[in-house]
Amino acid sequence: MENKEITFEDFLKVDIRIGRIIEVNDFPKAKKPAYQLKIDFGALGIKKSSAQITDLYTKEELLNKQISAIVNFKPRQIANFMSEVLVIGVYNVERNVVLLKPSKEIKNGEQIS
């Protein structure tokens with residue numbers, strides 16, 4: 001992937017928030033193994049996301065976990081599910097997604113800057 005330079009103004013367009021996963025379901029209709037998540041973003045409300053994180057996380061581990069997500073992407077239809085936010089993670093050496101999360105408890109909906 002090419003590393004394209006952006007401006008600070010470009011970065012400010014990305015709205016990254018902290019949310020808490022309040023529901024986790026299997027997503028059998030997804031092309032790649034994934035979960036359907038419901039995430040509480042405080043004043044922003046509850047949003048849905050499809051996340052390909054089944055290799056490293058069980059449903060039980062994810063429940064009540066705080067995560068980071070981009071909340072201002074256009075919603076995306078994935079099979080029969082509308083994904084409203086993009087949960088943020090990084091690929092490890094095995095190409096599995098490791099979630100990015102706050103190191104301390106923080107209020108749901110807080111913006112990352």
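I began with the neighbours of Ser 83: leaving out residues up to four places away in sequence, Ser 83 touches Lys 48, Ser 49, Ser 50, Pro 75, Arg 76 and Ile 78 (contact means heavy atoms within 4.5 Å).

A note on what I'm looking at: this is a predicted model, where local features need pLDDT of at least 70, side-chain atom pairs count only at pLDDT 80 or more, and totals for chains, interfaces and linings use all residues. Numbering runs from 1 along each chain as its sequence is written, and side-chain values use heavy atoms, with hydrogens and water left out.

Next I checked where Ser 83 sits: in strand β6, residues 81-83 (strands are DSSP runs of E, at least two residues, and helices runs of H or I, at least four, numbered from the N terminus). Is Ser 83 buried or exposed? Ser 83 counts as buried because its relative accessibility is 7% (buried is under 20% relative accessible area, exposed over 50%, partly exposed in between, with a 1.4 Å probe and protein chains only).

Then I looked at the hairpin. Strands β2 (residues 35-40) and β3 (residues 46-51) pair antiparallel over six bridges (pairing takes at least two DSSP bridges). I found Ile 39 opposite Lys 47 in β3. Five residues separate β2 and β3, and Gly 42 in the turn has a positive phi of about 60°.

Last stop: Glu 61, in helix α2 (residues 59-62). Glu 61 has 43% relative accessibility, so it counts as partly exposed. I also noted that Glu 61 and Arg 20 are 41 residues apart in sequence and 12 Å apart in space, C-alpha to C-alpha.
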